[in-house]
Amino acid sequence: MTVAGRESKATAWSRPAFRILLGSEAVTLSGSTVSAVALPALAVLELRASTSEVAVLAFFGSLPNAVALWAGALSDRHPKRPQLIASDLAAAGALVTVPAAAFAGMLTIGQLCAVAIVLGAAKVVHDAAAVSLLPALVDPDQLQDANAKLGAASSVADSAGTDAGAALVGAVGAARSVLVDAVSFLVSAVLLWRMRVPETAPTPDAARPGLVRDIVDGVRYVARQPTIRTVIAALATLSFGLAIMNTYWAYYLFVPA
């Protein structure tokens with residue numbers, strides 16, 4: 001069999017813009033898992049939060065997920081890269097206020113809840129924009145490879161960030177550990193600012209249906225796709241279980257029996 005002229009298939013890694021996105025995602029995911037440990041630790045160890053207050057903090061952190069559909073429609077209407085950068089800067093700005101208030105002796109549960117909302121909203125916007133941007137970074141036949149690499153990076157970053165978060169909280173305290181996450185978002189914003197990707201100009205708002213119509217059309221599309229519908233149902237069930245677990249884990253781990 002003649003194999004002359006056969007070229008190896010290029011992977012998503014061959015695209016510089018994808019490598020930048022992958023690095024950005026790895027950095028922010030690692031930092032966010034540090035805050036996932038540090039913020040509840042601050043509430044319990046520094047503010048002596050009750051079980052109800054810890055539950056409220058967890059609730060506000062998950063609340064922005066309710067607008068995920070809106071974030072998806074938004075990412076289709078506007079350039080994705082500015083959304084990614086803006087969400088990273090917003091998250092970094094919110095996180096910096098935590099150690100600043102802690103060192104000044106002014107940190108409250110209310111502030112932690114506000115920071116949790118900003119972080120959750122930034123994550124929703126960031127994730128929607130990143131997923132929407134991916135097809136512009138790689139060829140259609142590279143999408144599976146690109147998603148696999150992003151998934152692998154997410155798993156590694158989640159595990160490494162959790163371990164690092166626990167170690168940092170023990171070594172330098174929860175307030176200083178939050179700064180690591182703030183820095184990670186700033187690094188991600190710089191990486192994304194350097195990214196060059198030819199985004200297709202969105203259709204003008206006057207020439208397309210309203211935002212609510214876009215959301216309804218998206219929900220209908222998912223409902224008609226058995227595979228997508230099943231995956232979303234499985235992820236929603238998993239997220240629900242994790243949300244219940246994450247509500248009280250910090251309280252029962254940090255407070256002596």
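Author: What follows is a set of questions about labels, each set against its definition.

Author: This is a predicted model, in which local features need pLDDT of at least 70, side-chain atom pairs count only at pLDDT 80 or more, and totals for chains, interfaces and linings use all residues. Residues are numbered from 1 along each chain as its sequence is written, and side-chain values use heavy atoms, with hydrogens and water left out.

Reader: Why is the pair of Phe 59 and Phe 60 called edge-to-face?

Author: Rings of Phe, Tyr and Trp (its six-membered ring) pair if their centres lie within 6.5 Å; planes under 30 degrees apart are stacked, over 60 edge-to-face, the rest tilted. A search of the whole structure finds one aromatic pair. The ring centres of Phe 59 and Phe 60 are 5.6 Å apart and the planes stand at 65°, so the pair is edge-to-face.

Reader: Why does Phe 60 count as partly exposed?

Author: Buried means under 20% relative accessible area, exposed over 50%, and partly exposed in between (1.4 Å probe, protein chains only). Phe 60 has 25%, so the label is partly exposed. Phe 59, at 49%, is partly exposed too.

Reader: What makes Ala 66 exposed?

Author: Its relative accessibility is 65%, so Ala 66 counts as exposed. Ala 66 lies in the loop between α2 (51-62) and α3 (68-77). Helices here are DSSP runs (H or I, at least four residues), numbered from the N terminus.

Reader: How do you know that Lys 123 and Asp 127 form a salt bridge?

Author: The rule asks for a side-chain nitrogen of Lys or Arg within 4 Å of a carboxyl oxygen of Asp or Glu. For Lys 123 and Asp 127 the N to O distance is 2.7 Å, and the side chains meet in a salt bridge. Both lie in helix α5 (residues 109-137), four residues apart, about one turn of the helix. By this rule the count comes to four salt bridges.

Reader: What makes Arg 213 and Asp 217 a salt bridge?

Author: Their N to O distance is 3.2 Å, and the limit is within 4 Å. Being four residues apart in helix α8, they are separated by about one helical turn.

Methods
Helices (H or I, at least four residues) and strands (E, at least two) are DSSP runs, numbered from the N terminus.
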